[in-house]
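Here is a short report on one protein structure. Keep the sequence and the 3D view open as you read.

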Amino acid sequence: MSSLLHDDDARSGSGSTCPWHSLTGVKHESVVSQRVELTAEQTSRASRGWWDANAGEYHAEHGEFLGDDRFVWCPEGVDEADAGLLGPVRGKRVLEIGCGAAQCSRWLAEQGADVVGFDIAVGQLRLGRELDRRTGTNVRTVAADAEAIPFADGTFDIACSAFGGLPFVADADRALGEVARVLRPGGRLVFSVTHPVRWAMPDDPTEHGLRITSSYFDRTPYVEVDRHGTPVYVEHHRTIGDWVRALTGAGFMVDDLLEPEWPAGHDRVWGGWGPVRGRLVPGTAIWVAHRP
Ligand SMILES: C[S@@+](CC[C@H](N)C(=O)[O-])C[C@H]1O[C@@H](n2cnc3c(N)ncnc32)[C@H](O)[C@@H]1O
């Protein structure tokens with residue numbers, strides 16, 4: 001395993017970057033990075049496999065920062081306990097999209113929300129059971145793909161996601177359509193994703209990374225393939241305008257777009273992002289929307 005941080009351009013056939021994967025800090029030596037088109041099915045298969053296999057390693061790298069039962073929105077450390085982006089949650093039916101080990105769901109449950117999380121990777125959910133044992137909680141989770149959410153129409157008051165599912169799906173229109181379907185009218189959606197401007201920059205958290213090396217407008221996904229040519233990790237890029245169109249196309253009203261500044265005194269480098277660039281350029285986009 002190694003990080004994608006400094007040697008990405010050398011190993012990648014295309015010199016492509018990958019904003020979020022660099023944040024995972026987890027990468028197999030044998031994979032090759034590419035920008036190449038991929039179907040929704042290939043994308044889901046790769047995501048399921050990668051997050052299943054690497055849940056433990058991801059948690060070893062970032063578990064302490066995320067906490068077992070905190071709701072951390074992003075590497076900048078925005079915490080829902082302070083930010084209150086979801087509004088009051090007590091007694092609300094809440095869905096967490098791409099919940100991973102369900103840290104955010106656990107915090108929501110502790111605040112009195114009626115919460116369920118889902119994730120494409122059973123390995124992540126299994127880790128969540130360990131965190132449950134450690135914290136004396138029992139968060140409800142289910143294995144599912146964000147492009148086919150297994151709940152009835154109008155089930156939830158709030159849907160949320162901290163970098164879960166949505167940066168990875170091939171068809172954001174479909175995924176957001178699913179989220180809109182399971183929210184009741186008036187329901188709120190808040191989710192964080194890699195800020196789209198990061199896609200134009202190299203995967204390097206130092207000053208050397210303060211340059212534009214690929215097109216912001218290139219929507220070709222970032223893909224890692226193994227030595228057999230099988231896609232094993234995928235992220236899909238959308239511009240700010242793409243996200244607005246995907247949200248409004250799914251029937252949402254966009255209420256806000258938060259671009260958290262890197263806070264003073266926070267010096268943790270998370271994969272490809274950290275204080276040097278984070279003080280100058282946004283690394284995270286947090287979308288706030290509601291279903292009219
Ligand atoms: C970066 S983690 C975010 C989860 C959690 N907030 C955290 O920080 O660990 C991304 C999660 O999205 C999940 N994911 C990726 N594609 C998905 C999809 N199509 N549907 C549901 N979950 C997905 C992954 O399995 C992973 O657990």
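The sections below go from the whole protein to a single residue.

## Ground rules

This is a predicted model: local features need pLDDT of at least 70, side-chain atom pairs count only at pLDDT 80 or more, and totals for chains, interfaces and linings use all residues. Residues are numbered from 1 along each chain as its sequence is written.

## The whole protein

The protein has nine helices and ten strands. Helices (H or I, at least four residues) and strands (E, at least two) are DSSP runs, numbered from the N terminus.

Of the 292 residues, 51% count as buried. A residue is buried if 20 or more other C-beta atoms lie within 10 Å of its own, exposed if 12 or fewer, and partly exposed in between; C-beta atoms are placed from the backbone.

## The core

In soluble globular proteins, nonpolar side chains tend to be buried together. Here the largest nonpolar core has 70 residues. Such a core is a set of buried Ala, Val, Leu, Ile, Met, Phe, Trp, Tyr and Cys residues joined through C-beta atoms within 7 Å. Val94, Leu108, Ala159 and Val179 have the most contacts inside this core. Helix α7 (residues 172–182) gives the most to it, with six residues.

Take Val179. Leaving aside neighbours within four places in sequence, Val179 is in contact with Ile97, Ile149, Ala159 and Leu189. Two residues are in contact if their C-beta atoms, placed from the backbone, lie within 7 Å.

## Around the ligand

Which residues come nearest to the ligand? Of the 19 around it, they are Trp51, Gly98, Gly100, Ala146 and Gly165. A residue is near a molecule or strand if its C-beta atom, placed from the backbone, lies within 6 Å of it. Helix α3 gives the most to this shell, with four residues.

The shell divides into ten nonpolar, seven polar and two charged residues. Ala, Val, Leu, Ile, Met, Phe, Trp, Tyr, Cys and Pro count as nonpolar, Asp, Glu, Lys and Arg as charged, and the others, Gly among them, as polar.

Threonine 155 sits in the loop between β4 (140–143) and β5 (156–162). Is it buried or partly exposed? Threonine 155 counts as partly exposed because it has 16 C-beta neighbours inside 10 Å.

Leaving aside neighbours within four places in sequence, threonine 155 is in contact with Arg93 and Val182. Threonine 155 and leucine 95 are 60 residues apart in sequence and 9.0 Å apart in space, C-alpha to C-alpha.
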